[in-house]
Amino acid sequence: MPRPIRATVSAGAFAHNLLVAKAYAGRAKVWAVLKANAYGHGLERAARALEGADGFAVLDFQEAARLRLAGVAKPILMLEGFFKPVDLPLLAKYALTPVIHNPEQVEQLRAADLGGEIDVYLKLNSGMNRLGFSVDNLRAAYNSVRMHRQVRSVTLMSHFADADGPGGVQAQVGWLEEMARPIEGLAQAPRSLANSAALIRFPDTRFDWVRPGIMLYGCSPFGGTGASQTAAQLDLKPVMTLTSELIATQHLQAGERIGYGFSYEAVGEMTIGVVACGYADGYPRHAPTGTPVLVNGKRTRTVGRVSMDMICVDISDIHDAYIGSPVTLWGEGLSADEVATAAGTVSYELLCALAQRVPVAETA
Ligand SMILES: *Cc1c(COP(=O)(O)O)cnc(C)c1O
């Protein structure tokens, strides 16, 4: 028998979440963001389940090639554009839409015969200061890209830094308007701005194409415990469920300790279950004592440090828990947002970090 840990990925939850995103999107088209192996869910599997999207967004040329090989005919957005001139022939070959965000890319594109026509996204830095053109070089970039005889269309793109936080999007939208307005052509170009958080909170940012990621995977862009809107409140269904089983139990007396560093001390008599799941499976090592977990469908908490291959959980009050009892680390019944919050991170990181060694099964 293999180790009992496994992840299930629900095609039905994917399809449901896409409908939720589309309802928010209204008339805007939807790029389903599938970067990072579809946030750990499996690229081809996600593309199949999300076939109702208008296009798919990835980072890596290998991911784009895999989508085409899998028969995907819809537009593919390359979120960081091309990296080196050797990538350029792949754009027309695979019908990819690169995001052009720096002057080096503009220069390389200008001189290139692409071997066919492509659509291009031009990324504007509206204040996040990560990728994109600033007020100093936006006009030159736009004119150069637009003039290329093999560029069919240019869409204006930007990304929000705090659509999920107190900062909101207002300042960035203001900057963007100010920068684009004086540039003939660009001011009227189609736009793509919104990630999941903006799509949900700021309908004015939808424009022509929206770019939801995390909500398609059934997590809330606003986090877990204490979030303004949880995944359940947003009617999002968890796509990935990570489960395992108890492989041992221990009975402790007060004062006995658990795991590496002896970091947890039993305050009274207690029963501990040992779960076949550790940080080498993608469970966050920083998850402290008290991180929520389900055993036999009942909610309890982790105790002591997360090991490479195991975690310990308190089953003192779960009297029907034995070796072989099912454990849910996150997903159906326990939102990854909640686990992430307890571990001081975001659900994005948990999902993306699912380890290669965990077998993934698809469910309806
Ligand atoms: C990852 C990403 C998204 C999706 O963001 P979510 O918060 O997962 O919805 C959208 N746009 C860009 C440019 C991204 O890199």
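**View 1. Alanine 112 sits in the loop between helix H6 (103–110) and strand S6 (118–123).** This is a predicted model in which local features need pLDDT of at least 70, side-chain atom pairs count only at pLDDT 80 or more, and totals for chains, interfaces and linings use all residues. Residues are numbered from 1 along each chain as its sequence is written, and side-chain values use heavy atoms, with hydrogens and water left out. Helices (H or I, at least four residues) and strands (E, at least two) are DSSP runs, numbered from the N terminus. Alanine 112 counts as buried because its relative accessibility is 17%. Buried means under 20% relative accessible area, exposed over 50%, and partly exposed in between (1.4 Å probe, protein chains only). Leaving aside neighbours within four places in sequence, alanine 112 is in contact with Leu88, His148 and Gln150. Contact here means heavy atoms within 4.5 Å. Alanine 194 lies 82 residues from alanine 112 along the chain, and their C-alpha atoms are separated by 31 Å.

**View 2. Helix H7 (residues 138–147) carries the buried residues Leu138, Ala141, Tyr142, Ser144 and Val145.** The buried residues of H7 pack against several elements. The strands are S5 (96–100), S6 and S7 (151–157). The helices are H6 and H8 (170–180).

**View 3. Arginine 3 and aspartate 281 form a salt bridge, with the closest N and O atoms 2.9 Å apart.** Arginine 3 lies in the segment before strand S1 (6–10), and aspartate 281 in the loop between strand S13 (270–275) and strand S14 (292–295), so the pair ties together parts that are 278 residues apart in sequence. A salt bridge is a side-chain nitrogen of Lys or Arg within 4 Å of a carboxyl oxygen of Asp or Glu. By this rule the count comes to 14 salt bridges. Arginine 3 is partly exposed, at 33% relative accessibility. Aspartate 281 is buried, with a relative accessible area of 0%.

**View 4. A salt bridge joins arginine 110 and glutamate 107 (2.6 Å, N to O).** Both residues belong to helix H6; they are three residues apart, so about one helical turn separates arginine 110 from glutamate 107. Glutamate 107 is partly exposed, at 42% relative accessibility.

**View 5. Aspartate 314 and arginine 301 form a salt bridge, the closest N and O atoms being 3.4 Å apart.** The pair links distant parts of the chain, 13 residues apart: aspartate 314 is in strand S16 (residues 311–314) and arginine 301 in strand S15 (residues 298–301). Aspartate 314 is buried, with a relative accessible area of 12%. Arginine 301 counts as partly exposed at 29%. Elsewhere, salt bridges that share partners join Arg3, Asp281, Asp309 and Arg357 into one network.

**View 6. The ligand is surrounded by 13 residues.** The closest are Lys35, Tyr39, Ser196, Ile214 and Tyr348. A residue is near if one of its heavy atoms lies within 4 Å of the molecule. A polar side-chain atom of lysine 35 lies 2.6 Å from an oxygen atom of the ligand. For tyrosine 348, a side-chain N or O atom is 2.6 Å from an oxygen atom of the ligand. Arginine 211 places a polar side-chain atom 2.9 Å from a nitrogen atom of the ligand. On its own the ligand has 390 Å² of accessible area, and the protein covers 91% of it. Accessible areas come from the Shrake-Rupley method with a 1.4 Å probe; for residues, only the protein chains shown count as cover.

**View 7. The chain holds seven aromatic pairs.** Tryptophan 31 and tyrosine 121 form an edge-to-face pair, 5.9 Å centre to centre with 75 degrees between the planes. Tryptophan 31 lies in strand S2 (residues 29–33) and tyrosine 121 in strand S6, so the pair ties together parts that are 90 residues apart in sequence. Tryptophan 31 and tyrosine 121 are both buried. Rings of Phe, Tyr and Trp (its six-membered ring) pair if their centres lie within 6.5 Å; planes under 30 degrees apart count as stacked, over 60 as edge-to-face and the rest as tilted. Phe14, Tyr39, Tyr217 and Tyr348 form one aromatic cluster.

Key:
A polar contact is a pair of N or O atoms within 3.5 Å; within protein, one must be able to donate a hydrogen and the other to accept it, and residues adjacent in sequence count only if both atoms are side-chain atoms.
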